[in-house]
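Hi,

Here is the structure I promised to send over.

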Amino acid sequence: MTKLIKRASAEARAFRNRDADAAGDKHHRHHAVRNNRKRASRDDDLRDAPQIEAPRKPRFAPVTFSEEGGVRFLHFGTEWVQGAMRLRKPDHIELEYAQQMMAWLLFIETPKRIVQLGLGAAALTKFAYRFLKRAKVEAVELNPAVVVAARTMFELPHDDARLTVHEADAWDFVNDGANHGTIGALQIDVYDATARGPVLDSVGFYRAVRACLTEAGVVTVNLFGDHPSFVRNMKRLNEAFDGRVVALPEVHDGNRIAIAFSGPALEVPFAALQARARLIEAELGLPARKWIKGLQESSGQTGASFSI
């Protein structure tokens, strides 16, 4: 792989204004502390009063890039790939595991609201925005440098009536009651620089995720199949979704996509899924029939219908 592209532009744009604000805040805090000391010297009762520190800002890994064979890759300061874009096809989903994150299309029509937790290189967000015109598409990303990188290096359009990028914590987003019962398809890819498993993976988190779904909603989660976090996440997903979870076979360097279902019990003939898959392949160019094969392999269901 080629050398990493300098990351200065993405990080500088994201944090320049914040640093300026922080400098101003530091100046004001300096005078405030000095005045507090004067008051304390006049009042023995307050001299030993404890100081309450402001919450620390989250620390993020550096956002870096590389290119090889006409594909641009996103990294968080390590060799681990956090996203990719083929330069000649910026709206195409390049990585197979990311394509599998769209497997909910086999089971539901395009919902009114599609949400991605963890923006990455914005492949899923761009794809849904470009091709699923009936949906309001949203992404939730905590690191402002990742948002800038998606805009400047991975051709994510700016927000409009159909597209919104929330600079927020995914935990806060799924626990916001305003989001409960409103999302038809929710895609989760929340990794940090170590790529050792999702950074949010508690039963409480997955229960909040389920609460965000509409009556018949679907969640897809990017997991690491050859890591201990996979078993932990599958156990917690099953607890949160009452056992209605299946994981597609491993692709790439260990990625496995879990699919979790909410709503009434589902039973659909494989023939209907195959017909749906052919439509997805024709209209969206995604390898949907491979997903069905993966469902059969993972679930062991080889009869006439898939049920969950």
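Start with W104: leaving aside neighbours within four places in sequence, W104 is in contact with E109, P111, I114, L132, A185, Q187, V218 and T220. Contact here means heavy atoms within 4.5 Å. W104 also belongs to the largest nonpolar core, which has 63 residues, and M102, W104, L106, L119, L286 and F306 are the ones that touch the most other members. Helix α4 (residues 144–153) supplies the largest share of this core, 6 residues. A nonpolar core is a set of buried Ala, Val, Leu, Ile, Met, Phe, Trp, Tyr and Cys residues joined through side-chain atoms within 4.5 Å. Buried means under 20% relative accessible area, exposed means over 50%, and partly exposed is in between (1.4 Å probe, protein chains only). There is a second, separate core of 29 residues, and A170, I183, L223 and A258 are among them.

Before you go on, a word on where this comes from. This is a predicted model, so local features need pLDDT of at least 70 and side-chain atom pairs count only at pLDDT 80 or more, while totals for chains, interfaces and linings use all residues. Residues are numbered from 1 along each chain as its sequence is written, and side-chain values use heavy atoms, with hydrogens and water left out.

Now the chain as a whole. The protein chain has 9 helices and 12 strands; helices (H or I, at least four residues) and strands (E, at least two) are DSSP runs, numbered from the N terminus. Of its 308 residues, 47% are buried. If you take contacts between residues at least 6 apart in sequence, 69% of them join residues at least 24 apart.

Next, the pockets. How much space lies in the largest pocket? About 600 Å³. A pocket is found on a 1 Å grid over the protein atoms alone: it is an open set of points where a 1.4 Å probe fits, with protein on both sides within 12 Å along at least five of seven lines, and lining residues have an atom within 4 Å of a point. Grid points are joined across faces, edges and corners, and the volume is the space filled by probe spheres set on the points.

The largest pocket is lined by 36 residues, and F76, E141, D189, V190 and Y191 lie nearest its centre. Elements that give two or more residues to this lining are β3 (83–86), α2 (96–100), β4 (113–117), α3 (123–131) and β5 (136–141). Helix α3 gives the most, with 3 residues. By class, the lining has 24 nonpolar, 7 polar and 5 charged residues. For those classes, Ala, Val, Leu, Ile, Met, Phe, Trp, Tyr, Cys and Pro count as nonpolar, Asp, Glu, Lys and Arg as charged, and the others, Gly among them, as polar.

The second largest pocket has a volume of about 320 Å³. It is lined by 15 residues, with W80, V81, Y97, D253 and N255 closest to its centre. That lining divides into 8 nonpolar, 4 polar and 3 charged residues.

The whole structure has 13 of them, each being a side-chain nitrogen of Lys or Arg within 4 Å of a carboxyl oxygen of Asp or Glu.

- R130 pairs with D91, with the closest N and O atoms 2.5 Å apart. R130 is in helix α3 and D91 in the loop between β3 and α2, 39 residues apart. R130 is partly exposed, at 41% relative accessible area.
- R113 pairs with E138, also with closest N and O atoms 2.5 Å apart. R113 lies in strand β4 and E138 in strand β5, so the pair ties together parts that are 25 residues apart in sequence. R113 is buried at 14%, and E138 is buried at 5%.
- R232 pairs with D201, with the closest N and O atoms 3.0 Å apart. R232 is partly exposed at 32%, whereas D201 is buried at 13%.

Salt bridges that share partners also join E109, R134 and R276 into one network.

Cheers
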